[in-house]
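The sequence and structure are shown first.

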Amino acid sequence: MEKVSLIIDDQKVEVEKGTSVLEAAKEVGIDVPYLCYHPDLTLHGACRVCVVEDLDSNSLVASCVTPVTEGMKISTTSMKARRARRRNVVLLLANHPNDCLGCDRNGSCELQDITHSLGISREDVEEVAGQVREVPRDEVGPALKRDPNKCILCGRCVRVCEEVQGVSALQFSNRGFDSIVTTAFDLPQSEINCANCGQCATVCPVGAITEVSEIKNVWHALEDDDIHVVAQAAPSIQATIGEEFGYEPGTVVTGKLVAALRKLGFNSVFSTEFTADLTILEEGSEFLKRFTSNENLPHITSCCPGWVKYAEHNYPDLLNHLSSAKSPQQMFSALSKTYYAEKTGIDPEKIYTVSIMPCTAKKFEKEREEINASKFKDTDAVLTTRELARMIKEVGIQFKALKDEQYDELMGEHTGAATIFGTTGGVAEAAVRTVKEKVTGEELERLNLGFKGVNSAEVEIGDKVVKVAIANGLRNAEKLLDDVRANKSEYDFIEVMACPHGCVGGGGQPLPISEEKKVLRGQGLANTDENSVVRKSHENPMIKKLYEEYLKEPNSELSHQLLHTSYKERAKN
Amino acid sequence: MKDTIYRSHILICTGTGCVSSGSKKIKHELQDELANKQLLDEIKIVETGCHGFCEKGPILVIYPEGVFYCQVKKEDVSEIVDEHLLKGRVVERLLFKEPTTEKSIPSYTDIDFYKKQHRIALSNCGKINPESIEEYIANNGYEAAGKALTEMTPEEIIEEVKNSGLRGRGGGGFPTGLKWQFAYDSESDKKYVICNADEGDPGAFMDRSILEGDPHKIIEGMIIAGYAIGADEGYVYVRAEYPLAIERLKKAIKDAQDLGLLGTDIFGSGFNFELHIKKGAGAFVCGEETALMASIEGKRGMPNPRPPYPAAKGLWGKPTNINNVESFANIPYIINEGSEMFSSIGTENSKGTKVFALTGKIKNTGLVEVPMGTTLREVVFDIGGGLTEDKKFKAIQTGGPSGGCIPEDYLDLPIDYDSLIDVGAMMGSGGMVVMDESTCMVDVARFFLTFTQSESCGKCTPCREGTKRMLEILNRICEGEGKQGDIALLEQLGEHIKETSLCGLGQTAPNPVLSTIQYFRNEYEAHINDKKCPAGSCQELASAYKINIEACVACGQCVKVCPVDAISKGDGKYYIIDEAVCISCGACEKKCPVDAISQG
């Protein structure tokens, strides 16, 4: 690769041709602030906060979109650059509510950080104050809410939704000062083809798109002595929540997570990994049946609610390929108010089931009209990783100082196969592990399908070969699914995760999020799996107990009643 | 086709301006009248494009004499036929009268408005029937394309265009030949040529007139460009508000296809070229290259950062060359006459001619094409005939909404790309608005900024947020709420927006404000410090009217026109105005028969 050398702030820098000035500066430890730039998205060049001075022409250039050229001399600190950067931030603030106190992103807001680091005062903003944007907020959906008045029009949400997810639920509308990011016809985001994946919320630098918080409801339940509050934590949470408390990305803090949940007052602390194992047994049996009878192949996973809704909008003709097995969250919740209630003798009406999820789409999933299998609302509340961290911080729990604790046994016991549900390729690998061993008695070598947007593998099961493919990020799923639609798919089993890298990159995970962090989080889960004593779902003793004492066998009548579901076609937009 | 030799041709302008003042009706009347008099075999009516002199429309020129009739009405038709065509007598009262001398001028070429013009881009406009490819061909049409495709290599063409010194007529002024070279140098299996006809400046109609009056010239220019850079497909991006231009262009493309001038193996050269029309939906910013291409691709018309430049990665990611209508209109001339001939016209760094849309407080409004280097004074006074009502010249605004206002001191400035930039204005696409002493320069700045602010695409911070703040400041200054420091703040914001905006729209939007501050700072100061509008045009700052009771004859006419009932009877001999109620509209002053009312 051709190298280009240039000078940034009197430092000689040598980088690959095509590198932007911003990236070149970063390589030598010079941080230029920015708001619209995002390493995982196409270049936009809109916020103009990253302006630096080209000393040869004495002109200002947006460093994110300016490629380096040989001999270039750049100053990131010149008076001109500093003033221009500052003024653009001031102009943004002059059209921003500046009500940080009431904002979900207070403390994790990129605009707030830049304002602070540039030392911008209220007086600076007042100098140019005038009209501010006043448009209605979108707060009707169960998963995501939007406040366009906080939006700084950086376009990250528009780009992630289009480029990474291929959904294009959000777009720019109107011109000039009236510009906003909105949905088609300004419909609520919950009434369009949005998958609720929440990737928009993870890239939003401010509080313009956030999850619908359920913290208050959960506090109410925890504070009510008559209510028995059950927690289930999704597999990925243990590898991500640590970031909120100063751990390096990818640090697995299962024991502290459990301890924190107990301290918050949850009566039982379980893991969604328990029902991830159960999913494998239910879905594995279903797959085996389809595979041997060669019907509805490829079999496509259904544990990701973002993917399911996307499929309902865009591939309604393929819904019969989706596993009828519910997601681990919903399996858990259904059992919490039936099996668990029966085993403990607690009135299911008094049970309040809270799931801790990496995901905003899970908030929508719990509201699906066909989802409840107990006589009650199966999942009462869904907290994202971020929301749980907020609750832990609110009561002042010193997370790092907590002593490790174990999940409660009945629905907390889990295997390594369930742990890797939280990362891309995990579900496919877990399923094949069980299927192969059940059919042939042989153990599966690791598939390691993760870390790529699309990947595939072939697994010999007896005299047959099972072709497995995975996709994470809905845009990546598109090609696999188009092939299925065109009857050209060579695969037998397809795992789809809506978010890049799967749940570790979920819309409810700690912010800021980056490619590097997602990799580390995934590795954390993979290591946990490898260090597990029990690594195959069908060997989970508590799952065995569940079948022996309650469900009888996979795909039994009771299983179908409690653990399986159906899908419906939704409008394309 | 009938081979008739006519003794007379009547050229009737059917540009948008003349059509809206009734030229189609006149044409029908002429047709009937000639039929009645059985003259249809002797006299031919030709519908032409715009003559440029829209102020005087509908325009009718009778050849071979070349007599120029203006402001013709339907009722005048029989007289023209009887007198001019049958008896050979010129209809004096319909001739153009030179505003300076009051003299009637019978011939087209003797009118001052045309005398100082040099028409290259507009050469056929008003002369030929734009809907007849035969007429275009008869006027050397497609000769340049034939020469280029059969006798020249792409390299030779590019060299010729480079040597001509032609610079982009859309406003940027980038050397056209160099642009072609870049597109030529980009290797790709597919390239595009785009004609930017998204003419959006208020009051500008250069491109429209060319498309309406001489569409084949654009097609020819694009064929040559396509051959030169190696593109086999082109788009004309034209705003949907130009239905006549689109209609004529459509017909021209079809006629060219029918004759094999578009399509495959043009002139047997093996070169293929097809052309499409893409209608723009009216966003001003779509005149910006990258936004224009996004719009063709069906995306929101929003500019993208450059690089990559269109020549490397343009429409659908392929190398693309985009030129403005007027740039393409110069190409056939350059190929036919040679770059030397072209570059002999104009100034050192700006060659050839430029078309301007002359409007505002000027007698001869219309479309003019002058050699680069012509002075503003020549345009305003010699061609434009001076200011209406002979008021005092105050400023001329060039370059469209993002241009600058040039004061009287620079009237002798030779017009070229660089001289205009030096005085804080720009060439732009060629708008020229003349302002007289009654024009408030703060209000002018506000007017243009209102336009650019609402046409900003909203993508980048400085343009979206900054122009809004500047406009708010201008509004408060015009409303008498200006504060100390406002001028400095306008200057700071203006410079900031110019320096940090993403595209040309933002980078030039503050020009009208900055140039009026530069040349007319005293007007800003008067608004802010004295709460006065020196030109008397800002309503909120105008002081109330007073009646001189000595002069008042108590006729009561002022009472009748006052919209807010501010006037009442004094002691029976005169009227008085309640200053608290008066809104300074000036209606009473205009009505007063004895000049007893004035602003005080």
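The structure is a predicted model. In chain B, helix 2 is followed by B:Gln38, a residue whose phi is positive, near 55 degrees. B:Gln38 is not a glycine, and its place is in the loop between helix 2 and strand 2 of chain B. With 8 other C-beta atoms within 10 Å, B:Gln38 is exposed, because a residue counts as exposed if 12 or fewer such atoms lie within that distance.

A further positive phi, of about 45 degrees, belongs to B:Gln71, which is not a glycine either. This residue is found in the loop between strand 4 (67-69) and helix 3 of chain B. B:Gln71 has 14 C-beta neighbours inside 10 Å and therefore counts as partly exposed.

**Helix 2 of chain B**

Helix 2 of chain B comprises the 14 residues 23-36.

| Cis peptide bond | Omega |
|---|---|
| B:Arg306 to B:Pro307 | near 0 degrees |
| B:Pro307 to B:Pro308 | about 0 degrees |

B:Pro307 takes part in both entries, being joined to B:Arg306 by a cis bond and to B:Pro308 by another.

**An open sheet in chain B**

Five strands of chain B form an open sheet, in the order 13-12-16-14-15, with mixed pairing. At its edges are strand 13 (366-371) and strand 15 (404-407) of chain B, each of which pairs on one side only. On average, neighbouring strands of this sheet are turned by 30 degrees against each other, with direction ignored.

How many bridges connect strand 14 and strand 16 of chain B? Strand 14 (residues 393-398) and strand 16 (residues 431-436) pair over five bridges, in the antiparallel sense. B:Thr398 stands opposite B:Met432, a residue in strand 16 of chain B.

**Contact between the chains**

Across the interface, 28 residues of chain A are in contact with 24 residues of chain B. On the side of chain A that touches chain B, the elements giving two or more residues are strand 4 (59-62) and helix 2 (79-93) of chain A. Helix 2 of chain A supplies five residues, the largest share of that side. By class, the side of chain A that touches chain B has 16 nonpolar residues, nine polar residues and three charged residues. The size of an interface is often given as the accessible area lost when the parts come together.

Terms used
Residues numbered from 1 in each chain as written. Chains lettered and ligands numbered in written order. Predicted model: local features only at pLDDT ≥ 70, side-chain atom pairs only at ≥ 80, totals over all residues. Contact = placed C-beta atoms within 7 Å. Helix = DSSP H or I, 4+ residues; strand = E, 2+ residues; numbered from the N terminus. Nonpolar A, V, L, I, M, F, W, Y, C, P; charged D, E, K, R; others polar. Expected span 1.5 Å × (residues − 1). Pairing = 2+ DSSP bridges. Axes fitted to C-alpha atoms, helices over the stretch in contact; angles between N-to-C directions. Buried ≥ 20, exposed ≤ 12 C-beta atoms within 10 Å, placed from the backbone.
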